[in-house]
Number of protein chains: 2
Amino acid sequence: MQIDDVDQRIIASLVADARASYSEIGERVSLSAPAVKRRVDRLRSAGVIRGFTAVVDPAAVGWTTEAFVELYCTGRTTPAQLTVATRRHPEVVGAYTVSGEADALVHLRAADIAHLEQALERLRAEPFVTSTRSMIVLSRLVDSPNIVPAPH
Amino acid sequence: MQIDDVDQRIIASLVADARASYSEIGERVSLSAPAVKRRVDRLRSAGVIRGFTAVVDPAAVGWTTEAFVELYCTGRTTPAQLTVATRRHPEVVGAYTVSGEADALVHLRAADIAHLEQALERLRAEPFVTSTRSMIVLSRLVDSPNIVPAPH
DNA sequence: AATGAAATTTCCTGGGT
DNA sequence: ACCCAGGAAATTTCATT
């Protein structure tokens with residue numbers, strides 16, 4: 001699918017404020033509200049825009065602990081297996097296969113340290129996990145959920 | 001600030017779809033649209049809801065490469081220094097101080113490998129960085145931007 | 001094919017109870 | 001918290017280029 005400059009600006013606008021009205025966006029990109037809607041619909045159905053979400057302060061809703069865990073897995077572990085396994089754990093907010101020493105990196109979010117420990121144990125109990133290496137998040141310095149800068 | 005069960009459900013609803021109308025949300029939580037709006041306004045001004053954003057497929061807008069980089073820093077590096085430094089790099093989409101061997105973990109997003117390499121070099125050139133350890137993301141298995149499950 | 005204008009429906013948002 | 005009402009926005013239809 002082709003994304004032109006106007007689409008880019010519409011996307012940027014929605015990333016900055018997903019609840020902006022079509023006419024508001026239209027003003028910024030010099031288009032009528034219906035035209036903006038049609039473009040947004042097109043971008044959505046093409047999968048460029050996956051959805052719209054609220055950015056919530058995890059601490060404010062009782063999730064104060066966060067960690068990144070490197071997973072070392074047995075030889076024949078497939079990404080599909082990893083996907084299925086990690087999705088089973090509600091504490092997993094991100095999971096990636098990576099190059100380097102580890103096979104995967106998992107981003108966990110939990111209510112507190114006890115909860116995190118419990119989640120970690122559950123994760124380590126997955127049959128393909130041989131060992132793990134954890135980094136507990138002490139403070140969040142930067143966290144731009146899905147900010148997509150203009151193309152390089 | 002006090003968050004009751006209804007607030008939790010409103011938040012969950014907005015996380016799932018930030019463009020849902022107040023009446024739509026009201027239906028799900030058995031509240032009138034004005035009541036929902038008042039709660040959302042309160043949650044926003046309290047900082048529980050930080051904002052609303054579009055979830056964009058980075059690949060679709062030309063950002064195909066991602067990496068996590070562990071930063072090893074000199075003894076007297078403050079979180080404030082790290083914040084300032086990492087924010088200078090547009091490729092940094094996340095940065096955290098962590099417990100463990102490394103001092104910080106940085107999440108990078110770039111257009112391609114060449115761009116990533118360049119960003120990494122720039123990051124390594126920061127005066128307080130003594131060494132780095134990179135994990136390039138091969139595939140994204142799970143990525144739930146700001147999904148906040150019900151409290152434990 | 002994509003846009004703008006108009007018309008209809010739905011929604012937002014203030015004040016009153 | 002709900003109901004109500006005036007104004008704004010969304011969304012469909014239609015005509016234009």
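Which helix gives the most to the surface near DNA strand D? That's H3(B), with 4 residues. This is a predicted model, where local features need pLDDT of at least 70 and side-chain atom pairs count only at pLDDT 80 or more, while totals for chains, interfaces and linings use all residues. Residues are numbered from 1 along each chain as its sequence is written, chains are lettered from A in the order written, and side-chain values use heavy atoms, leaving out hydrogens and water.

**View 1. The protein surface near DNA strand D.**

**View 2. Phosphate oxygens of DNA strand D.** Here are some polar contacts (pairs of N or O atoms within 3.5 Å). Tyr22(A) brings a backbone N or O atom to 3.0 Å from a phosphate oxygen. The side chain of Ser32(B) has an N or O atom 2.9 Å from one, and for a polar side-chain atom of Arg39(B) the distance is 2.8 Å.

**View 3. The buried side of H5(B).** Now look at His115(B), Leu116(B), Ala119(B), Leu120(B) and Leu123(B), the helix's buried residues (buried: under 20% relative accessible area; exposed: over 50%; 1.4 Å probe, protein chains only). They sit on the same side of H5(B) because they cover an arc of only 135° around the axis, going by directions from the axis to the C-beta atoms. Exposed Ala114(B) and Glu121(B) are on the face turned away.

Technical notes:
A polar contact is a pair of N or O atoms within 3.5 Å; within protein, one must be able to donate a hydrogen and the other to accept it, and residues adjacent in sequence count only if both atoms are side-chain atoms. Helices (H or I, at least four residues) and strands (E, at least two) are DSSP runs, numbered from the N terminus.
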